Amino acid sequence: MALKELSTRVAVLTALRDAIDIVIDSERVVLTSELTDANQALGVKQLDITLPNGEKVASASIGNSEPKPFVTNEAAFTRWVAENFPTEVMQTVRPTFKKVLFESTLAVNPQGEAVYIKTGEVIDGVVFSASAARLTLRFKKDGRELVAEAFNRGELEQVIRPLFSLPAELKSVEYLPDENLGDSIAANEALEPQSSGALGG
């Protein structure tokens with residue numbers, strides 16, 4: 001595949017993936033709400049999901065997740081643990097200081113070690129990773145919208161169509177029941193749908 005064709009495909013698929021993710025999150029919020037209402041009003045516990053031809057492809061249900069603890073005040077929690085379980089508290093470096101130190105005052109020596117540039121001292125426990133190529137894909141301001149418009153006009157057929165020419169053996173792949181709908185935070189709590197011009201919505 002030519003480099004130009006490959007880069008176009010990556011950009012198109014990235015835009016479509018992001019757009020689809022937004023739509024999925026929004027639709028899951030609505031589905032969760034409506035299924036909850038149906039469960040409370042009519043006792044509906046499970047909904048079969050079918051294709052237009054009537055073939056069942058999945059099911060949806062609503063369940064209550066167990067409450068889980070989380071820390072809202074790290075300092076207060078740490079004080080409580082220190083008072084009750086003093087051996088379980090460790091001294092740590094402040095993340096903000098670590099960020100400043102790593103971004104502006106360190107250099108790497110030929111051995112890959114981190115050096116404090118003001119003194120030349122090697123800092124124990126810190127090394128630099130090896131340099132590696134990294135792909136960064138940046139869309140222009142309306143780039144995703146342009147991709148969506150082209151998709152809606154049917155102009156991306158040659159870019160996308162080869163991806164749907166799947167080997168026959170993939171048809172026999174079976175998925176675990178929990179993977180039918182996937183896991184998403186939107187299934188447990190209402191999220192505000194994000195606005196996007198992608199895919200025309």
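At 46% relative accessibility, Asp-48 counts as partly exposed, a label for residues between buried (under 20% relative accessible area) and exposed (over 50%), judged with a 1.4 Å probe and protein chains only. The model here is a predicted one, so local features need pLDDT of at least 70 and side-chain atom pairs count only at pLDDT 80 or more, while totals for chains, interfaces and linings use all residues. Residues are numbered from 1 along each chain as its sequence is written, and side-chain values use heavy atoms, with hydrogens and water left out.

Asp-48 has a partner: Lys-56 forms a salt bridge with it, and the closest N and O atoms are 3.2 Å apart. A salt bridge here is a side-chain nitrogen of Lys or Arg within 4 Å of a carboxyl oxygen of Asp or Glu. Lys-56 is partly exposed too, at 48% relative accessibility. By this rule, the count comes to six salt bridges. Another one pairs Glu-155 with Arg-153, at 2.8 Å between the closest N and O atoms. Salt bridges that share partners also tie Arg-17, Asp-18 and Arg-144 into one network.

Within that trio, Asp-18 and Arg-144 have their closest N and O atoms 2.6 Å apart. This pair links distant parts of the chain, with Asp-18 in helix α1 and Arg-144 in helix α4, 126 residues apart. (Helices are DSSP runs of H or I with at least four residues, strands are E runs of at least two, and both are numbered from the N terminus.) Asp-18 is partly exposed at 22% relative accessible area, and Arg-144 is partly exposed at 28%.

Now for α1 itself. Its 40 residues should span 58 Å at 1.5 Å a residue, and the end C-alpha atoms are 56 Å apart, which agrees; the expected span is 1.5 Å times one less than the number of residues. Just after α1, Gly-43 takes a positive phi of about 75°.

Next comes the largest nonpolar core, which holds eight residues: Val-12, Ala-15, Leu-16, Val-147, Ala-150, Leu-156, Val-159 and Ile-160. Such a core is a set of buried Ala, Val, Leu, Ile, Met, Phe, Trp, Tyr and Cys residues joined through side-chain atoms within 4.5 Å. Helices α1, α4 (143-152) and α5 (157-160) each give two or more residues to this core, and α1 gives the most, with three. Val-147 touches Val-12, Ala-15, Phe-139 and Leu-156, leaving aside residues up to four places away in sequence; contact means heavy atoms within 4.5 Å.
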